[in-house]
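Trainee: I am new to this structure and would like to learn how to read it. Could we take a few features in turn?

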Amino acid sequence: MDSKQEPISASFIADHVRDIPRSGIRAFFAIAATMEDAISLGIGEPDFVTPWHIRESAIFALEKGKTSYTDNLGTRRLRVEISKYVAKNYGPEYDPDGEIIVGVGVSEILDCALRAIINPGDKVMYHEPCFVSYSPSVRLCHGEPIPVRTKAENGFALTADDVRAAWSEGCKAIILNFPTNPTGGVMPRSELEKLAKFAQEKNMLVISDEIYSELTYEGEHVSIAAIDGMRERTVFLHGFSKAFAMTGFRIGYACAPRPIIEGMMKTHQYAVMCAPIISQIAGIEALVNGTPDMERMRDQYRRRRDFIVKRFNAMGMPCLMPKGTFYAFPNISGFGLSSMDFAKKILSEAKVALVPGSAFGESGEGFVRAAFSTSYDNLIEAADRMERVLKKM
């Protein structure tokens, strides 16, 4: 190489990529991983191993030589089972031949949906606090993210009135995630119906990420895709990571009107071509025979939720009872520290990793997220450690 040649530098990185921060969740997880005896309540990953019969289906498929590419949309058998599962559990019926696409986790499927619909400058609304990827994903597509704050006094549900107040000309879509990461909030049917009317009035598309829907503890989960007039303007996103403890399989899917799926398929096929065939086969087994496993895991999450929320409230961290997901979102504003400083203090002095609420948007300040997807014994120890530190503050 020419010794006078300038080395590669950050100036080569595109502006819209360089300005996007790293995930605040992963940052704390990385620190905790280097600490001996640290307990992580940071990463939203089930501590359960994928149920044995799902693992066995993948192993058997590999032994039978199932190592090829699949259709860009996913294997037809998986798309058929997705169609059945969605119709049974959520209401809308989708044609497996053109209205369903399988991808590498919901994150990739969300990216495909956004890239399929966003023109430069289009606005996409989303509720906050929210999963860390929504705003960056919109920006990576050269769109403008528009946050809509949710509040603890409303159970962190999104209200149609708040959406109307935040709306402006050029809003093309809104992203929903209920039950919500990080708050555990849910949307009642009555509010979904109001939001559906507003979306129709403004001709907005709804992208509904329902990855935590099976982990609903009170009442019935309702998908906005099931509301009258919404099937044709909703992109229904779902996957296997949370309900079936299949995070490492990286398998997710979308159900939507045919033109949307066609657009998503184009971005998907040129980026990754298809989801791994082994993961797709495991997904079939999960949908056909995995519901009892999911229900057993959900019962354990409910028990852990009840414990940790009670402990948080007892130690001066007011915490709403999450109605879904495996996250608690306690308020730490009474301790006089920012959510970042509070999380750092707890990590350094209690060796417990939490995620600062600010990682989930400005409206998450004053809170921290604790994943109760770890073992019950770990939750007991984590709560005891935190309480000892907080009593000194």
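Mentor: Gladly! Let's begin with the polar contact: a pair of N or O atoms within 3.5 Å, where, within protein, one must be able to donate a hydrogen and the other to accept it, and residues adjacent in sequence count only if both atoms are side-chain atoms. Here the Glu128 side chain reaches the backbone nitrogen of Glu362 at 3.2 Å. This is a predicted model, where local features need pLDDT of at least 70, side-chain atom pairs count only at pLDDT 80 or more, and totals for chains, interfaces and linings use all residues. Residues are numbered from 1 along each chain as its sequence is written, and side-chain values use heavy atoms, with hydrogens and water left out.

Trainee: Is Ala271 buried, exposed or partly exposed?

Mentor: Buried means under 20% relative accessible area, exposed over 50%, and partly exposed in between (1.4 Å probe, protein chains only). Ala271 is partly exposed, because its relative accessible area is 49%.

Trainee: How far apart are the C-alpha atoms of Ala271 and Gly357?

Mentor: They are separated by 32 Å, and the two residues lie 86 residues apart along the chain.

Trainee: Where does Ala271 sit?

Mentor: In helix H9, residues 258-271; helices (H or I, at least four residues) and strands (E, at least two) are DSSP runs, numbered from the N terminus. Glu128 belongs to strand S3, residues 123-128.
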